[in-house]
Amino acid sequence: MGLICSTAQLACLCGSQACSLCCSQCPSCRNSTSTRIMYALLLMLGTIAACITLAPGLEDALKKVPFCANSTNYVPSKYTVDCESAVGYLAVYRICFIIALYFFLMSMIMIRVRSSKDPRAPIQNGFWAIKYLLIIGGIIGAFFIPERSFGPTWMYFGMIGGLLFIIIQLILIVDFAHSWADAWVQNYEETESKGWYAALLGATVSSYAIAVTGIVLLFMYFTHPDSCDLNKFFISFNLILCVIASIISILPSVQEYQPRSGLLQSSVVSLYVIYLTWSGISNSPDHKCNPGLGEIISGKNDASPTFDKESIIGLVIWFSCVLYSSLRTVSKSSKITMSENILIKDNGAVRNTGDQSLIHNEDYTPVEGRNPDSESGNEAKVWDNEEDSVAYNWSFFHLMFALATLYVMMTLTNWYQPNSNLVTLNANTASMWVKIISSWMCLGLYVWSLVAPAIFPDRDFS
C-alpha cells in the first residue's frame, strides 16, 4: 500500500493531471511510510544510474568525461587522470558522492524535528521534483571534479561509511531473524499445526545446509594446503563462532528468558556471517588465495573493471535491508536488537474518518487527514500521522541512507582502491578487514540479543 501511494507522489512530478489521475486510484496510507519509500526509490534510481556507468558499452563514451586525461573539456590537464582502466568505477564514485552528500545535508537539516508541524516538514515530505533536479544537476557537476586526490580520499570515506552501514545492516538482519522466528513459533504454538513445525524445521535445516556448503567451498577455493594461512584462520574462526552462537541460543538459561529463541535465528545469522567471510577474503591481495568468482566458474582470470558478480549478493542483501527499514514497524525484539531507532514506531495516530466513537478511545490521536496541496474538498490519499510526534527519527533516517549510499558505492566498485593496477583491481586489504571485523560484530550483536535478558533480568527488553 505504501509503495502504491509513493507511486502517486512520483506521478505528481509529472504535473497536476498525472497526480490527480494516479492519486484517485490509490488507497490511503501513512505519510511516514510513503515518504520513506520515496527516499528508498530515490536511492534505488541512483544505484541504477551508477550500475549503468559500469556497462561495457559505455566505456568509450565515459572516457570523454571532464576528469579523464583524454577529455576535450576545460578541466586543467594537470588535474586529469587516465581513465583507460577504471573510468566506470570513478564515475560511480562521483554519482554516489552527490547522493550521499544530499542525504548528509538532509540529515543535518532534520535534526531535532519532533512533529510534522515543524516548518522543516515540507522539505522532508514534499518538493520531490526540486529534489530530483538538484541531484541530477549535482551529478552532472560532479563529473567536473578533478581526480587528483578525489578518488583515494573518497575511498576512505566510503570504507568508513560502508562499515557503519554494515553495522546497521547487521542490526536489521538480527531483528529480522528474531521477528521471523517469533512469528512462526507463535503460529505453531497457537495452532499446533504440523505445517508450521515443518516450515520451522525446513528453514532452519536449509539455512544451516547452505552455510555448511559455503564453508566447504571456501576451504576448497580460497585455501591451499601449504599457504593461505590467514584465510584458513578467518574461515575456521568464524565457523567456531557460529557453532558457539548456535549452542548459546538453546541454553536453558537463555530459553528461560527467551523461549522463542532458537536455531532458526542462529542459522540465518550464521548464513550471513559466512557471506561476510567470503566477501572479506574475496578482497585479499594474495591472488593465489583469492581466485575470484569468475575464475572459479570459468577457470579464467578476468580482471576487467566491471560490476563483479560477487557484488550481486551484496546488493540483494542491501536492497532487502533498505526495504525492510522502510516498511517494517518496531517489533517486540526491536529494543534488544537496537533496531527501534531505525524502524517505524506506531505513535498511535489514527486517521480522522469522522467516526465519533473513536474520539473516546484513549489510543486515538485525531489527525486532519487532508493535504493542503490537494484541491478544496478532496480527501488526501496520503494522510499525516506525525502531527503530534514523528514515527521515526528523520535525521537518523537520512544518515542511514547516506551510509547506505557509501556501501553501494564500495560494493559496485568491488571496494576498489584508486590508483591500483589492473591486476590487483579488486584487492584491498583494508576492505578485507572491514568485512571480517563486521562478521565478528554480527555474531557479537546476536549473542548479546540472546544473553542480555538473562544478564539483566530487571531490565525491560520487551
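Visitor: Leaving aside its neighbours within four places in sequence, which residues is Phe-103 in contact with?
Guide: Phe-103 is in contact with Tyr-39, Leu-42, Leu-43, His-398, Phe-401, Ala-402 and Thr-405, leaving aside neighbours within four places in sequence. Contact means heavy atoms within 4.5 Å. This is a predicted model, in which local features need pLDDT of at least 70 and side-chain atom pairs count only at pLDDT 80 or more, while totals for chains, interfaces and linings use all residues. Residues are numbered from 1 along each chain as its sequence is written, and side-chain values use heavy atoms, with hydrogens and water left out.

Visitor: Which residues touch the most other members of the largest nonpolar core?
Guide: They are Phe-103, Tyr-272, Trp-318 and Phe-401, in a core of 97 residues. Helix α5 gives the most to this core, with 14 residues. A nonpolar core is a set of buried Ala, Val, Leu, Ile, Met, Phe, Trp, Tyr and Cys residues joined through side-chain atoms within 4.5 Å. Buried means under 20% relative accessible area, exposed over 50%, and partly exposed in between, with a 1.4 Å probe and protein chains only.

Visitor: And which residues does the second, separate core include?
Guide: The second core has five residues, among them Ala-181, Val-185, Ala-203 and Leu-264.

Visitor: How many helices and strands are there in the protein chain?
Guide: The protein chain has 16 helices and four strands. Helices (H or I, at least four residues) and strands (E, at least two) are DSSP runs, numbered from the N terminus. Of the 462 residues in the chain, 48% count as buried. Among contacts with a separation of 6 or more, 75% are between residues 24 or more positions apart.

Visitor: Which residues does the UniProt annotation "transmembrane region" cover?
Guide: The unreviewed UniProt entry gives that annotation to residues 86-105, 126-145, 157-177, 197-221, 233-251, 263-281, 396-416 and 436-456. UniProt positions are given in the numbering used here, feature names are shortened, and annotations may be inferred rather than shown by experiment. In the model, residues 157-177 are 100% helix and 0% strand, with end C-alpha atoms 30 Å apart. Residues 436-456 are 95% helix and 0% strand, and their end C-alpha atoms lie 29 Å apart.

Visitor: How many aromatic pairs does a search of the whole structure find?
Guide: The search finds 17 aromatic pairs. Rings of Phe, Tyr and Trp (its six-membered ring) pair if their centres lie within 6.5 Å; planes under 30 degrees apart count as stacked, over 60 as edge-to-face and the rest as tilted. The rings of Phe-165 and Tyr-407 have centres 5.4 Å apart and planes at 40 degrees, so this pair is tilted. The pair links distant parts of the chain, with Phe-165 in helix α8 (residues 150-191) and Tyr-407 in helix α15, 242 residues apart.

Visitor: Are those two buried or exposed?
Guide: Phe-165 is buried, with a relative accessible area of 2%, and Tyr-407 is buried at 4% relative accessibility.

Visitor: Which residues form one aromatic cluster?
Guide: Tyr-39, Tyr-102, Phe-103, Trp-128, Phe-397 and Phe-401 form one aromatic cluster. Lys-131 lies over the face of Trp-128, at 4.0 Å from the ring centre. A charge sits over a ring if NZ of Lys or CZ of Arg is within 6 Å of the ring centre and within 35 degrees of the ring normal.

Visitor: Now Ser-249: what does its side chain reach at 2.6 Å?
Guide: The side chain of Ser-249 reaches the backbone oxygen of Ser-246. A polar contact of 3.0 Å also joins the side chains of Ser-249 and Ser-266. A polar contact is a pair of N or O atoms within 3.5 Å; within protein, one must be able to donate a hydrogen and the other to accept it, and residues adjacent in sequence count only if both atoms are side-chain atoms. Ser-249 is in helix α10 (residues 229-249) and is buried, at 0% relative accessibility.

Visitor: Where is Arg-112 found?
Guide: Arg-112 is in the loop between α5 (87-109) and α6 (121-125). Although Arg-112 is not a glycine, its phi is positive, at about 65 degrees. Most residues other than glycine have a negative phi. Arg-112 is exposed, with a relative accessible area of 61%.
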